[in-house]
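Me: I'm new to this structure and would like to learn how to read it. Could you take me through a few features?

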Amino acid sequence: MFDKRVTLFMGHYGSGKTFVAVNYAIAMKKLGKTVSIYDLDIVNPYFRTVDAEKLLEKEGVELVVSPFAETNVDIPAMNAKSYQMVADKTRYAVADIGGDDRGALALGRFYEQLKQEGNYDALWVVNNLRPETRTIEDAIEIKKEIEYSAKLNFTGIVNNANLGDQTDDNTIIKGLEFCEKLSKETGLPIKFTSIRRDLINEKLLKLSKTLPIDPIKYGDWL
């Protein structure tokens, strides 16, 4: 983790991309890196990263989001500063990409620069408890659609299995087992498992790399 200058989080709607991206950016900042987080969802008018603006500001993470975030203006628009994600090589960038293949279209204007630099991770956030990804076949089909739209192939998998307040050890373990099957089918490594901080125990820490997720809720992220 934290070894690429640009980290892109993509996945199906409701997979928890935003929650993971926010926590990942904060964790990266705590390592002493200069970090910006980009909300590149130009399809959904509800921009979820903006809900965490105060927290990100407190932690010293720059938030770059559409000028129409938190308004009732439903216009696909991207902040002009979004281009610093590929232009400013002095900053680490974490990007929350819109859900599924339509949201991934936003990467179309960046993929050539990202490939040229070659210093990025495109992480597939998976919550196997969402209706769209309950089977390996369905999950892989969504993966293919996202990659086609983004013009970038995934480089790894993030296990973000959760049931909100009902999440327990078994939820996370079953999610990891699901992701291990996805890894075997696709050849993609599991980069890490996100676990709510208050659920972390020795058993879970032994399963895989973990990213502690603070139990702070913004709307219906979980």
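Me: What should the 15 residues of α6 span at 1.5 Å a residue, and how far apart are its end C-alpha atoms?

Reply: Keep in mind that this is a predicted model. The expected span of a helix is 1.5 Å times one less than its number of residues. For α6 that gives 21 Å, and the end C-alpha atoms are 21 Å apart, so the two agree. Just after α6, Lys151 takes a positive phi of about 65°.

Me: Which residues of α6 are buried?

Reply: Buried means under 20% relative accessible area. In α6 the buried residues are Ile136, Ala139, Ile140, Ile142, Lys143, Ile146, Glu147, Ser149 and Ala150.

Me: Which residues have the most contacts inside the largest nonpolar core?

Reply: That core has 34 residues, and those with the most contacts inside it are Leu8, Met10, Leu40, Met85, Leu107, Leu114 and Leu182. Among the elements that give two or more residues to this core are β1, α5 and α7, while α6 gives the most, with 6 residues. Apart from this core lies another, of 19 residues, including Phe9 and Val158.

Me: Is Asn160 buried or exposed?

Reply: Asn160 has a relative accessible area of 8%. Buried means under 20%, so Asn160 counts as buried. Asn160 lies in the loop between β6 and α7.

Me: What does the side chain of Asn160 make a polar contact with?

Reply: The partner is the side chain of Ser194, at 2.3 Å. Leaving aside residues up to four places away in sequence, Asn160 also touches others, including Ser15, Gly16 and Val125.

Definitions and conventions. Residues numbered from 1 in each chain as written. Predicted model: local features only at pLDDT ≥ 70, side-chain atom pairs only at ≥ 80, totals over all residues. Heavy atoms only, no water. Core = buried A, V, L, I, M, F, W, Y, C linked by side-chain atoms within 4.5 Å. Buried < 20%, exposed > 50% of the residue type's maximum accessible area, 1.4 Å probe, protein only. Helix = DSSP H or I, 4+ residues; strand = E, 2+ residues; numbered from the N terminus. Polar contact = N/O pair within 3.5 Å; in protein donor to acceptor, adjacent residues only side chain to side chain. Contact = heavy atoms within 4.5 Å.
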